[in-house]
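Here is a briefing on one protein chain, written for a reader who has the sequence and the 3D structure at hand. Please look through both before reading on.

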Amino acid sequence: MSLINPQAPVLVTGASGYVAGWIVKKLLEAGHTVHATVRDPSKTASVAHLQKIADASTGTLKLFKADLLDQGAFAVPMQGCELVIHTASPFVVTGFTDANEALVRPALEGTRNVLQSVNATDSVRRVVLTSSVAATFGDNWDARDVPGNRLDETFWNTTSSVDHQPYLYSKTVAEQEAWAMQKAQSRWDLVCINPGLVMGPALTTNSISASITTLQQFGDGTLAMGAPCMWNGLVDVRDVADAHIIAGFKPEANGRYILCAESLTLLDMAAALRAHFGSKYPFPRMTVPKILFWLVSPFYGYTRDFVWRNMGWPMHFNNARSREGLGIQYRDVRQAVCEHFQQLIDDGLVKRRS
Ligand code: NAP
């Protein structure tokens with residue numbers, strides 16, 4: 001149980017990211033001093049939105065350069081911090097050839113690197129780690145024998161590997177490493193936030209988060225012929241940011257907190273989008289038969305194993321701990337999906353059907 005001095009600076013790693021942007025904004029608006037690490041502070045596209053938010057808020061923003069794989073890079077930005085919020089980790093599910101280099105190494109070695117600096121920085125009392133529901137399950141069918149197909153914080157992902165579901169594996173091994181390092185000492189405690197698929201407006205147009213690429217598929221025609229029957233636990237990005245901050249400052253916060261408002265299928269998401277935007281975009285109207293998708297999946301970049309273990313298996317999450325322990329009152333995720341899609345339109349990231 002840690003009491004964090006609100007006057008001390010708060011370190012946020014990966015501050016240029018989609019989720020981190022909202023955490024930094026809410027911290028600055030609450031008057032905190034934020035030590036924000038980014039890979040390249042001179043890249044205006046990554047940091048201009050943060051500077052603009054800082055200029056309009058009562059808080060203070062200090063930018064630092066730090067790569068997850070650069071040993072000791074977090075030591076200087078961490079100086080004087082009592083609270084460290086570690087969000088930086090690659091969230092990509094396609095577009096790489098070496099999953100270990102693209103995902104697992106930065107997530108695992110990066111977490112170790114950040115926490116080694118925490119061990120060496122006497123002021124730190126608490127670390128909030130952005131984990132994921134990905135650390136609670138590997139494939140949707142892992143929940144098939146769980147009552148109501150509903151997972152809670154007691155579950156761990158035991159089925160992912162660097163070759164199968166590498167992003168989920170990266171989040172699992174990073175969170176496990178964080179717990180191991182926390183248990184090896186007694187000065188700082190650890191709280192993990194485990195969000196589902198995050199939706200809602202981004203403060204940056206520069207993120208390559210899979211949140212954004214997932215939603216783009218609804219507008220670019222990828223799903224026009226139909227959507228695979230796939231459930232995702234969804235949560236509004238503003239709820240995720242609130243959870244990180246409450247978890248950081250609430251002395252009793254502890255352990256893992258699943259952050260998920262509701263599970264929707266891709267077709268449910270399409271229905272919400274159609275109800276809001278009409279038929280101006282190629283939103284799917286039907287589910288692709290699993291066997292058909294299984295047959296063609298390698299041409300779309302999915303393994304047949306992935307399709308077999310994930311299509312058609314319902315997946316839900318128990319969010320009681322976040323509601324009761326952190327006081328999260330979940331926003332409507334259908335609205336978050338629509339607001340986020342509107343932003344993709346405004347930013348020119350999806351085009352209207354001609
Ligand atoms: P994002 O916008 O792509 O943010 C990822 C951040 O990680 C970026 O700031 C990126 O910095 C940083 N990063 C990546 N590799 C790095 C490296 N080698 N060194 C330093 N920084 C590095 O994605 P996001 O959706 O906001 O994800 C943020 C966190 O939330 C991740 O831990 C992700 O696993 C977790 N999460 C996301 C979701 C979701 O649905 N979005 C759900 C559950 C958990 P650059 O700007 O320099 O690339």
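The model is predicted. The protein chain contains twelve helices and 14 strands. Its radius of gyration is 20 Å, close to the 20 Å that the globule rule gives for 354 residues, so the chain is as compact as a globular protein of that length.

**Whole chain**

- Taken along the principal axes, the box filled by the C-alpha atoms of the protein chain is roughly 55 × 40 × 40 Å.
- Of the 354 residues in the chain, 56% are buried.
- Contacts between residues at least 6 apart in sequence can be sorted by how far apart the partners lie along the chain, and 80% of them join residues at least 24 apart.

**Nonpolar cores**

- The largest nonpolar core has 70 residues.
- Helix α1, which covers residues 18-29, gives the most to this core, with eight residues.
- The residues with the most contacts inside the largest core are V12, L27, L215, F218, M269, L273 and F341.
- A second core is separate and has 21 residues, among them A73, L115, A178 and M181.
- Beyond residues up to four places away in sequence, F218 touches L223, L266, M269, A270, L273, P282, F283, P284 and F341.

**Helices α8 and α12**

- Helix α8 spans residues 266-277 and helix α12 spans residues 333-346; their axes come within 9 Å and cross at roughly 65°.
- The crossing of α8 and α12 is right-handed.
- On the α8 side, the residues that meet α12 are M269, A272, L273, H276 and F277.
- On the α12 side, the partners are R334, V337, C338, F341, Q342 and I345.
- Sorted by class, this contact has eight nonpolar residues, two polar residues and one charged residue.
- M269, L273 and F341 take part in this helix contact, and these three are also listed among the residues with the most contacts inside the largest core.

**F64**

- F64 sits in strand β3, which runs over residues 60-65.
- F64 counts as buried because its relative accessibility is 19%, and the cut-off for buried is under 20%.
- Apart from residues up to four places away in sequence, F64 touches H35, A36, T37, V38, P41, V76 and P77.
- F64 and V198 are 134 residues apart in sequence, and their C-alpha atoms are 26 Å apart in space.

**V92**

- V92 lies in the loop between β4 (83-86) and α4 (99-120).
- The relative accessible area of V92 is 17%, so V92 is buried.
- Leaving out neighbours within four places in sequence, V92 is in contact with L103, Y167 and I208.

**N149**

- N149 is found in the loop between β5 (126-130) and β6 (150-151).
- N149 is buried, because its relative accessible area is 19%.
- Residues up to four places away in sequence aside, N149 touches A143, R144, P314, M315 and H316.

Conventions: Residues numbered from 1 in each chain as written. Predicted model: local features only at pLDDT ≥ 70, side-chain atom pairs only at ≥ 80, totals over all residues. Heavy atoms only, no water. Helix = DSSP H or I, 4+ residues; strand = E, 2+ residues; numbered from the N terminus. Buried < 20%, exposed > 50% of the residue type's maximum accessible area, 1.4 Å probe, protein only. Contact = heavy atoms within 4.5 Å. Core = buried A, V, L, I, M, F, W, Y, C linked by side-chain atoms within 4.5 Å. Axes fitted to C-alpha atoms, helices over the stretch in contact; angles between N-to-C directions. Left-handed = near helix turned anticlockwise from the far one by under 90°. Nonpolar A, V, L, I, M, F, W, Y, C, P; charged D, E, K, R; others polar. Rg over C-alpha atoms; globule rule 2.2 N^0.38 Å.
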